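Dear colleague,

Please have it open while you read.

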Number of protein chains: 2
Amino acid sequence: MLFSCQPEEVPEQIMDINSPDGRIHLEFKLDEAGVPYYYVEFDTMRIIDSSSLGFEFRNMPPLREGLTVRDMERQSVSESWEAVWGENREVLNEYNELRVELEERETPNRIFELYFRAYDDGVAFRYVFPLQDNMTEAVIMDEHTEFNLTGDHTVWWIPGDWDIYEHLYNETRFSEIDAIAKRDDPNLISTTIPENAVNTPATMRTETGLHLSFHEAALYDYSGMTLRISTDSLKMTSELVGSADGAKVKTATPWRSPWRTVQIAEAAGDLIESNLIVNLNEPNKLENTDWIEPMKYAGIWWEMHLEKSTWGMKGGRHGATTANAKRYIDFCAENNIRGLLIEGWYTGWEVWTEPEERIDAFDFVTPYPDYDLREVVRYADEQGVDIIMHHETSAVIPRYEEQMDTAYALMEELGIQAVKTGYVGSVIPEGEYQHGQYMVNHYQRVIEHAAEHQVMVDAHEPIKATGKRRTWPNMMTREGLRGQEFNAWSAEGGNPVDHLPVVAFTRMLAGPIDYTPGVFNLKMNPYQPDNQVRHTLANELALYVVIYSPLQMVADLPEHYKGQPAMQFVRDVAVDWDESHVLNGEVGQYLTIVRKERGADNWFLGSITDETPRQFDIPLDFLPEGKTYQAAFYYDAPDAHWDSNPTAIRITTQEVTRDSTLQLNLVSGGGAAVSLMGME
Amino acid sequence: MLFSCQPEEVPEQIMDINSPDGRIHLEFKLDEAGVPYYYVEFDTMRIIDSSSLGFEFRNMPPLREGLTVRDMERQSVSESWEAVWGENREVLNEYNELRVELEERETPNRIFELYFRAYDDGVAFRYVFPLQDNMTEAVIMDEHTEFNLTGDHTVWWIPGDWDIYEHLYNETRFSEIDAIAKRDDPNLISTTIPENAVNTPATMRTETGLHLSFHEAALYDYSGMTLRISTDSLKMTSELVGSADGAKVKTATPWRSPWRTVQIAEAAGDLIESNLIVNLNEPNKLENTDWIEPMKYAGIWWEMHLEKSTWGMKGGRHGATTANAKRYIDFCAENNIRGLLIEGWYTGWEVWTEPEERIDAFDFVTPYPDYDLREVVRYADEQGVDIIMHHETSAVIPRYEEQMDTAYALMEELGIQAVKTGYVGSVIPEGEYQHGQYMVNHYQRVIEHAAEHQVMVDAHEPIKATGKRRTWPNMMTREGLRGQEFNAWSAEGGNPVDHLPVVAFTRMLAGPIDYTPGVFNLKMNPYQPDNQVRHTLANELALYVVIYSPLQMVADLPEHYKGQPAMQFVRDVAVDWDESHVLNGEVGQYLTIVRKERGADNWFLGSITDETPRQFDIPLDFLPEGKTYQAAFYYDAPDAHWDSNPTAIRITTQEVTRDSTLQLNLVSGGGAAVSLMGME
């Protein structure tokens, strides 16, 4: 007679955690069929209704039901860590964690764990598959992580494009999300929107004014997650980006998924102050970080978007010439701008978009004949300017992986410590997507190889930020949104007025943005007279504070800063911070942030609005007691307007203390920038 | 039998000249006693009544009467010359000249010539003594050049001090001039006012609103001229500065006096536009002028006047340390400031004012132990900054003349191309005066020796400017007035509000002024809380345009520029000009000047007022047609005031053309600065 041996079940008990402040509650359950699910409450209000979890595999049964709890564990963590650079020097990492170990009731009795964490600013969970005999290799065909919403929230979303994030944000009710309609963006070369899904971060506001934002953290060796939208059931389900052979993720035990995150905040601005994403990443792995330094940088770049010059030599308007580089170096030296990006300096730009020739168009080491790389580096060094290298891969990944160590070695030899990478076009190998596992692993290899050569990375057309900057602090900043360059040439004539007031509450929750601010010639005459930057000059200045990036561009042409007193703010503003505070904000409407310069008693405030003029009283009570600051106010002139009079700025100065109150008057599309320099 | 041979007299004829525009008329005559005299008319109105000319000598009869005309000659000149640097690139030099050769009727039949010139902007004349057997050496005991005024004009004057020009200007009727009362200035270490005389330039306004200014040009191997005041007869007589043995000038034929000049203008501003003084000097004598370059400069200097640091090491607050120098070098590099003056870098400052020890206190080559001269120069060079040498002679002339070639050779070796000289204290050799022939010759030797070593000179406590910069364009600028430093510590608490509106129409007619503008911390807290700069920040900015100097200081401490948007004007403003125009002005009241940057299509406008608020409409019709300019306006805030709210500045920008009109609103003690940058 055979006995059937069942694993011993843990006695039925509540598997839940609360946030340290007790306001967020997450509970995990198995239903009678062994289906795992969780729900989340905020102040006893259900905000994520019971949502199931699980996987489908190739050549393996799914793992979605028939599970039993094998073990459960709770722990509480309260620590703080120091960021190598960032919005804040000290980051509090405080949470309660629930670990649940699940096992299939039936053969093959596969095991996996779920880690749930409740922070004051949200919740997160991940799947962890330990090494096990019954499951070695695994090909994930679908991850079934559900987020069942409890209302038809207002959502700020971009379509769940597998190839590019550079879409305009849409504000709709959840039930009205229609990503498919976004397939035909005339501005995008490579775009893949297979179904009605959104990319993350996806930010929502409930009827009661609570704010939620869905994203992921610590994306390693996995595909990016989009969220498939069920408009009728108010459900979102993880939809991983696919690959050439249809698999979503190819892995082997032990493996673990990225964290699935839900930031939760009453005030919209608290989303921005949240450190959830970085807290879910591991501590810094780099032993020596002395070479990593935030900086401002100019670039031979905007002039190509204005079509004043070109990346390649053909046509006689090559931007990256030795002479032009020296002109920019002088500009940097004179304006306290440490870095200078030079795009289009290496051969290949004549053919880089050709179907055949793009395969090996670029080698990243052969300069054009009119660009003396070593002389430029020597001259820059003499002037105290650091050249930033440019590697546009044209998304030909095998080529870049073959060349990258050679390219980084050249950089190391020349003392170049930062690279801007680019991935324009459809990925080669064919069938892979920019946001799939193949590319996720590529982007990570770039980080690691760059780190070996002491190179900081600024990735354009990147995978989304998921907080890796904590672990790999040479991963500085990235694009991954509809950036400044769309103002120069997009079919719509530029980004809409409320673009950045949305971006700050969506894309920016993921991490630093290389939005490349600093355009002073907002109407772009005479180069792109049909396009324009759709906000005021004071708003553009405010971006240096509002849109966080440790590499912050001073994007316009040197000649456009001539005689511009507003340039003083650009010169003064810091790029690394001891602390950051959101003073007010509503998604898509307005935002005011103040930050304290790292290691110096200088504070910088930025405020932006959408088309609605706004007035804010800002008490300076964030300043320390007993100190006086030299304040410079860069305000919209009373007759300024984003369209009719965008450059009208009024600059004044005054001494202030923490007892002072600023009155900001933002015009339509306006902004305000303030420097508060500690007096000795 | 002896025949008495008389020189053949030129037939009686009118000896006169008119200015090219015919408005100024000068006539020379001998009266029956053979006394030479001249008079000057403007539009038939007598402005200098008959005024006699002549000399008294030691051991030789005077030359004041008994003269006869031996020859007479007229010539007309119309030429233009290009200034190596200056307020204008092209200078029109157009005049009619009358040369009269005079001879004593009696033995020893000495001969001399008078050269009279009539320009549209004034008249000038000089004495020329040719080589002659009957007069070789000559010791001039008095020059009797008279200027008989035709009214009791309003005069802006400083006392005829033989040692220092650093007096406050006085505005009185001519009949009320009382220089003797100015003897007890508590701020002046060394001052000698022997009689009721004034120093030049002395500027006057007649009842009918005509403006006159009296000065001299091309002062070589001669004593400086003061003008003795006869208050009852409205007469001024040349009174040369004396010397140790009582002689005024020791010379030998051939010799010639400086030009005695009278600038004549209906509008006060035309005095400033006048090129009379430089036109009376000879063309550039330097073959190579490539090394001569106007520039802005910062300095370890103001901090000593604020008593934040000291020139010497004693007391532990030495300013000129290697570390502090590097701090300033960084500041310069970041702010487009090419030069850095470092005072107090060489030993001797502990004893430089001691009666005995001052004799050889300084050697100008031995740095203090905390100042690594070569390292500072190396670091500056790396940052593209030029060190400016400092040579305070403490007025010990033999010591400096002994050391100066060694000191200039050190500069040449280090690539230092500018020196600021200083002459604080009473002159050694004892009995000589700062403005006497001995010092005039010393100052000239400095110019010439410096030129040999390719060194530009910025002289403090100098002899007055007399237009030598045309001939010796390495003689860049000088003090020679109550400068900015009096704001830091003078007994009166600072220069009066109308100081610079007077200076611009008096001292500035002589030539460039190193007034050392750029103080942003106008109240000087916490260093000199009882003193202040008595005008607004916008006024201080305007000084970069209004008060001309090819070496223009950015005087304040680096930390006082932190976060100051007004700094952009300082960064932008040019230091060398293609053209300059006075747009309005009244002596001691207000002044508006616009200048065009040399070699660039950028214009800068400065406007200053005294205590009276003023409003000006300024049409920009000086701009060329068909061009657009990016204008930045640095205006007094509406609530600014020189005393109660001096730093309140409002900065705005706008595109303008020659059809635009600016409305300037200057508050009490206020100003306006405008940059107009040509757009490409």
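This is a predicted model: local features need pLDDT of at least 70, side-chain atom pairs count only at pLDDT 80 or more; totals for chains, interfaces and linings use all residues.

**Cysteines and aromatic rings**

Over all chains, the count of disulfides (pairs of cysteine sulfur atoms within 2.5 Å) comes to zero. Cys332(A) is in no disulfide, and the nearest cysteine sulfur, which belongs to Cys332(B), is 19 Å away. Likewise, Cys332(B) is in no disulfide, with the sulfur of Cys332(A) as the nearest cysteine sulfur, 19 Å away. Cys332(A) is buried, at a relative accessible area of 1%, where buried means under 20% relative accessible area, exposed over 50% and partly exposed in between, for a 1.4 Å probe and protein chains only. Cys332(B) is buried too, and its relative accessible area is 1%.

Residues are numbered from 1 along each chain as its sequence is written, chains are lettered from A and ligands numbered from 1 in the order in which they are written, and side-chain values use heavy atoms, with hydrogens and water left out.

There are 80 aromatic pairs over all chains, a pair being two rings of Phe, Tyr or Trp (its six-membered ring) with centres within 6.5 Å, counted as stacked if the planes are under 30 degrees apart, edge-to-face if over 60 and tilted for the rest. One of them joins Tyr95(A) and Tyr119(A), whose ring centres are 5.0 Å apart and whose planes stand at 40 degrees, so the pair is tilted. Because Tyr95(A) lies in strand E8 (residues 90–104) of chain A and Tyr119(A) in strand E9 (residues 111–119) of chain A, this pair ties together parts that are 24 residues apart in sequence; strands (E, at least two residues) are DSSP runs, numbered from the N terminus. Tyr95(A) is buried at a relative accessible area of 7%, and Tyr119(A) is buried at 1%.

In chain B, the rings of Phe125(B) and Phe147(B) have centres 6.1 Å apart and planes at 35 degrees, so this pair is tilted. Phe125(B) counts as buried at 0% relative accessibility, and Phe147(B) counts as buried at 1%.

Finally, two charges deserve a look. The charged end of Lys468(A) sits over the ring of Tyr220(A), 4.2 Å from its centre, which requires NZ of Lys or CZ of Arg within 6 Å of the ring centre and within 35 degrees of the ring normal. The charged end of Arg470(A) sits over the ring of Trp81(A), 3.9 Å from its centre.

How values were computed. Helices (H or I, at least four residues) and strands (E, at least two) are DSSP runs, numbered from the N terminus.
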